[in-house]
Amino acid sequence: MIDLRSDTVTQPTEAMRKVMAKASVGDDVFQDDPTINKLEEKMAEMSGKADALFVPSGTMSNLVALLAHCQRGEEYIVGQDYHTYLYEAGGAPVLGSVVPQPISVEPDGSLDLGKVESVIKKDDYHFARTKLLCLENTHNGKVISLEYMKKAYDFAQSKGLGLHLDGARAFNATVALGCELKDLAQYSDSISICLSKGLGAPVGSVLCGDKDTIKWARRWRKMVGGGMRQAGVLAAAGIYALDHHVDRLAKDHAKAKVLAERLSQFDELDVKPELVQTNMVFIKTKLETAQQLADFLTEKGIIIIPSESMRWVMHLDVSSDQLDFVCQQVKSFFNSRR
């Protein structure tokens, strides 16, 4: 099957499986799993942060970051469409009594800092205390510039706020920006980075930050059930991904651009190739058309999620030949309707 639903569907490569099988392990709750320690040290160095914490998922990484930054009754400002508000089951308010203050996301994926300033609460016991600003880079495949990140970080500091960056696809951002991870991470107090999306590891995310933030995040990780034991086999996959799968993300970006250009030739699909910045292509069409297209492609061994605004994602398990096949089948579908 050619699965275009997400880059989370990637399978570990044979080379990755070999290093996983050979990984040295220990008990990570006691912090003596050597492979996890190596991964955390590597990510701390790459991000320019003092410390790092390996967790099972991006949702948990963001959750323990929010809980480390904010106490009960404190508030984080966040984009209405960001994962830390919309797609993570309300973990921070449910489990930590941390109050979200969502605002609209700008077309480029950033937050208008004027709007952010307008919702910062004054120091008054009637209000939740505003403590943290959350950003997301990339957001829906869009890359937020380093210039904006610096401006946002300086703004947050001037207002006495911390800044957490959901960098689930931070390496897609750095590849697109032509910079190192630390160049992006320097404009945040903590950053969550996923290993199991475009990098192709089967499981895991890493939270990077200062020693105190990671200390509290480690406590929260244990409390919410993320304390793993001999998980070095998973960390080994992450290390392999960092060593071998970062630069190749540029190939996914290029394939997404090709896909968008080819799909834009069909009148029934609204696709804007000029908006493709990383590995995601967004396609608007009628729901009926999307469902019929999805059914047709399923018969050809291609999986998509049908909707009026579809997202097709390129990743390491989609080859150039498979991309050609997808485009040919889309063409066949529309030809059959004429």
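How much of the chain over residues 3-284 is helix and how much is strand, and how far apart are the end C-alpha atoms?

## Model and annotated region

Over residues 3-284 the chain is 42% helix and 16% strand, with 19 Å between the end C-alpha atoms. Helices (H or I, at least four residues) and strands (E, at least two) are DSSP runs, numbered from the N terminus. UniProt, in an unreviewed entry, lists these residues as "domain: Aromatic amino acid beta-eliminating lyase/threonine aldolase". Its positions are given in the numbering used here, the feature name is shortened, and the annotation may be inferred rather than shown by experiment.

This is a predicted model: local features need pLDDT of at least 70, side-chain atom pairs count only at pLDDT 80 or more, and totals for chains, interfaces and linings use all residues. Residues are numbered from 1 along each chain as its sequence is written, and side-chain values use heavy atoms, with hydrogens and water left out.

The chain is divided into domain 1 (7-244) and domain 2 (248-336), with bounds from an automatic or database domain assignment. Their centres, taken over C-alpha atoms, are 29 Å apart. In contact (heavy atoms within 4.5 Å) are 19 residues of domain 1 and 15 residues of domain 2.

The two domains bury about 1400 Å² between them, and carbon and sulfur atoms give 61% of that area. Buried area is the accessible area (1.4 Å probe) that two parts lose on being put together, summed over both. Asp7, Gly141 and Asn172 supply 31% of the area that domain 1 buries against domain 2, more than any other three residues.

Between the domains there are 0 salt bridges, a salt bridge being a side-chain nitrogen of Lys or Arg within 4 Å of a carboxyl oxygen of Asp or Glu. Helix 8 (residues 170-177) gives the largest share of the side of domain 1 that touches domain 2, with 4 residues.

## Salt bridges

The structure holds 19 salt bridges. In one of them, the side chains of Arg229 and Asp27 meet at 3.1 Å, N to O. Arg229 lies in the loop between helix 10 (211-223) and helix 11 (232-244), and Asp27 in the loop between helix 1 (14-21) and helix 2 (34-47), so the pair ties together parts that are 202 residues apart in sequence.

## Backbone features

Gln31 is also placed in the loop between helix 1 and helix 2. Phi of Gln31 is near 60°, a positive value in a residue other than glycine.

A cis peptide bond joins Asn137 and Thr138, with omega about 10°. Thr138 is in the loop between strand 5 (129-136) and helix 7 (146-158).
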